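Reader: I am new to this structure and would like a close look at a single part of it. Please keep it brisk.

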Amino acid sequence: MKPRILGVDDEPVIVSVLLQLLVEKGGYEAAGVGTAAEMFQRLNEASFDLVLLDVVLGDANGLDLVPLVKNTHPGLPVAILSALGFDEDFIKDPTQSGADGFFKKTLPAERLLAEVQRLLAPRPGPAATPS
């Protein structure tokens, strides 16, 4: 079964290009939405393996949405997508917002796909403790 990715961006052209890249070049299943409300609706209707979330949405700030997604869908990786510049500390540590990754929209396609693959890789679970 192919991993499913949800792209969230209020610019339809960005969503279209992102979905095309993920499906045609990455071999993933992908869906796209343009608002926070649509994102939560899709997350409640279907199972996804990764969310690529724009920072500036028409109805919300993507950084504020990360903890909400994490609380309602534990274990679901969320990566921030943005064309905006960020404080160097944020770029070095995107986990400050709870995000699992940070991508500039200008990232070359091959690198973006490599980062998506990294985020989709199985994560080690908590170490088992002997009884």
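Which strands and which helix do the buried residues of helix 2 pack against?

Author: Start with the ground rules. This is a predicted model, so local features need pLDDT of at least 70, side-chain atom pairs count only at pLDDT 80 or more, and totals for chains, interfaces and linings use all residues. Residues are numbered from 1 along each chain as its sequence is written, and side-chain values use heavy atoms, with hydrogens and water left out.

Now the direct reply. The buried residues of helix 2 pack against strand 1 (4–8), strand 2 (29–33), strand 3 (50–54) and helix 3 (62–72). Packing here rests on contact, meaning heavy atoms within 4.5 Å. Helices (H or I, at least four residues) and strands (E, at least two) are DSSP runs, numbered from the N terminus.

Where does helix 2 sit in the whole? The protein has 5 helices and 5 strands. Their order from the N terminus is β-α-β-α-β-α-β-α-β-α. The protein holds 131 residues, and 37% of them count as buried. Buried means under 20% relative accessible area, exposed means over 50%, and partly exposed lies in between (1.4 Å probe, protein chains only). Among contacts with a separation of 6 or more, 64% join residues 24 or more positions apart.

Look at the inner side of the helix. Helix 2 spans residues 36–45, and its buried residues are Ala36, Met39 and Leu43. Viewed down the axis of helix 2, these buried residues fall within an arc of 55°, so they line one face. That arc is taken from the directions from the helix axis to the C-beta atoms.

Now turn to the other side. Ala37, Asn44 and Glu45 are exposed, on the face of helix 2 turned away from its buried side. Glu45 has a relative accessible area of 54%. Gln41 also belongs to helix 2. Gln41 has 46% relative accessibility, so Gln41 counts as partly exposed. The side chains of Gln41 and Glu45 make a polar contact at 3.0 Å. A polar contact is a pair of N or O atoms within 3.5 Å; within protein, one must be able to donate a hydrogen and the other to accept it, and residues adjacent in sequence count only if both atoms are side-chain atoms.

Next, the partners. Val69 is in helix 3. Val69 is buried, at 0% relative accessible area. Setting aside residues up to four places away in sequence, Val69 touches Met39, Phe40, Leu43, Leu76 and Val78. Two of these names, Met39 and Leu43, are buried residues of helix 2. Val69 can also be placed against Gly98, 29 residues apart along the chain: their C-alpha atoms are separated by 9.7 Å.

Leu43 has another neighbour. His73 touches Leu43 and Asn44, again not counting residues up to four places away in sequence. His73 is in the loop between helix 3 and strand 4 (78–82). At 16% relative accessibility, His73 counts as buried.

Strand 4 holds Ser82. Ser82 is buried, with a relative accessible area of 1%. Beyond its neighbours within four places in sequence, Ser82 is in contact with Asp54, Val55, Phe102, Phe103, Lys104 and Lys105.

One more feature: Arg4 lies over the face of Phe48, at 4.6 Å from the ring centre. A charge sits over a ring if NZ of Lys or CZ of Arg is within 6 Å of the ring centre and within 35 degrees of the ring normal.

To recap, helix 2 has a buried face with Ala36, Met39 and Leu43. Its opposite face carries exposed residues, among them Glu45.
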